[in-house]
Amino acid sequence: MLKTFDFEKLPIVEIVNEIIIDATKHRASDIHFDPLQEDLKVRIRIDGSLIDYCNIPNEYKRNLITRVKIIAGMNITENRLPQDGAIKTSLNGIPLDMRVSSLPTNSGEKIVIRILDYSMSIQGLEKLGFTKENYEKILRMISLPNGIILVTGATGTGKSTTVYSILQRLNKEESNIITVEDPVEMDLTGINQVQVNSEIGLTFANVLRSILRQDPDIIMIGEIRDDETATIAVRASVTGHLVLSTLHTNDSLNTIERLLDMDVERYLLAASLSGIVSQKLARRLCPHCRKKIKTNQYQKHIFKKELGIDLNEIYIAGDGCEYCMNGYRGRVAIHEVLLIDEDIRDAISNNIKKEELKSLVYKGDVNTLLQDGLIKVVQGLTTFEEIVKLIELDVEDIIIDKNQNIQEEENKNIS
């Protein structure tokens with residue numbers, strides 16, 4: 001999708017505006033300005049994948065980087081240190097909210113613009129792709145008067161979208177909701193939002209201590225990053241507050257282990273932890289050009305093992321059409337929702353082995369990320385390959401897959 005600009009006729013201001021507007025129209029989440037020896041490469045991330053957009057000749061590279069830094073409120077004379085900035089404006093009638101980051105490299109400054117899209121948060125919790133069972137579990141979690149609810153996942157997996165959707169559901173006249181964030185990503189009417197500023201000592205931990213003196217009902221912590229924040233968050237939830245936060249862990253079991261590694265007392269964690277929502281994002285199949293194929297033996301084995309069903313057909317991506325890019329359009333969330341029960345609380349308190357804790361976490365009513373992903377494959381929302389790429393399989397399943405591939409190659413050679 002390489003685009004060309006007439007740099008001799010178009011001013012840099014217009015070129016930067018057009019790059020941003022075009023990225024927004026293509027539903028991009030990020031714009032990358034990569035400095036190379038020969039030019040500046042611009043790439044945009046659509047549905048999780050980076051795509052080449054255009055190349056900026058070296059003689060215009062510095063001016064373009066400077067323009068981005070100016071509109072982001074960054075120091076244009078500093079190119080030796082990383083910087084952060086923000087752009088909040090409207091271009092051609094399109095309201096834009098972006099975060100900008102610069103990083104000095106050996107070829108020059110690399111700039112990344114993250115385009116924030118809160119349309120999913122505004123639509124509500126019920127529009128985030130939860131299965132009926134998971135949605136009902138979340139409603140039970142957020143109806144509790146106190147405790148800590150964690151939304152976990154890697155960067156860019158939609159944690160903020162889920163947290164903001166929960167906050168909007170909880171935002172009622174009778175509740176005092178206070179958040180501490182870095183940065184405040186979305187302005188929510190009726191909610192008191194605090195921006196962290198570590199340069200003046202306004203850290204997560206310091207703000208949290210002050211928040212507890214503000215008579216809060218619900219506290220949202222943008223991210224639990226260290227032992228001190230984790231301890232204060234857990235203690236706040238034990239003393240009668242509902243606490244929401246995010247954590248960079250892969251699943252429910254990893255989340256419990258990470259919190260224990262952060263020196264949170266076991267008895268406090270057992271008493272306070274209410275629920276964990278883990279999530280990943282998979283590319284969504286275009287409903288207009290997707291195709292059905294027969295499942296192979298390996299795929300049948302996985303569906304039978306994880307979902308207990310015999311599946312003969314699944315959807316794959318089509319060749320692309322006017323509605324999509326390479327057979328995909330947008331992304332679908334894959335979830336694992338754990339509602340903490342007394343058995344898990346006792347297990348945390350009693351420091352039982354990881355294997356026993358795992359069997360308690362994934363008993364009965366909890367769909368793993370893999371199972372939830374496969375359900376969405378059955379529904380035709382994404383592909384089997386997308387789920388396998390996102391979620392780590394058991395070693396025995398990987399061996400079966402390799403044997404399947406070897407057998408298929410042998411059959412091709414024979415034929």
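In the predicted model, helix α4 (residues 132–142) has N134, K137, I138, M141 and I142 as its buried residues, buried meaning under 20% relative accessible area (1.4 Å probe, protein chains only). These buried residues fall within an arc of 125° seen down the axis of α4, so they line one face of the helix; the arc is that of the directions from the helix axis to the C-beta atoms. Their cover includes β7 (147–152), α5 (159–170), β11 (242–247), β12 (273–285), β15 (328–339) and α13 (369–378), with contact defined as heavy atoms within 4.5 Å. Helices (H or I, at least four residues) and strands (E, at least two) are DSSP runs, numbered from the N terminus.

Seven strands form an open sheet of mixed pairing in the order β9-β8-β10-β11-β7-β12-β15, where pairing requires at least two DSSP bridges between two strands. β9 (192–195) and β15 stand at the edges with a single partner strand each, so one side of each lacks a neighbour in the sheet. β12 and β15 run antiparallel and are joined by 10 bridges; V277 has V337 in β15 as its bridge partner.

Helices α1 (residues 12–25) and α2 (residues 58–71) pack at about 65°, their axes 10 Å apart. Axes are lines fitted to C-alpha atoms, for helices over the stretch in contact, and angles run from 0 to 180 degrees between N-to-C directions. The contact involves I12, V13, I15, V16, I19 and I20 of α1 and Y60, N63, L64, R67, V68 and I71 of α2.

Residues are numbered from 1 along each chain as its sequence is written, and side-chain values use heavy atoms, with hydrogens and water left out. As the model is predicted, local features need pLDDT of at least 70 and side-chain atom pairs count only at pLDDT 80 or more, whereas totals for chains, interfaces and linings use all residues.

Notes. Buried means under 20% relative accessible area, exposed over 50%, partly exposed in between (1.4 Å probe, protein chains only).
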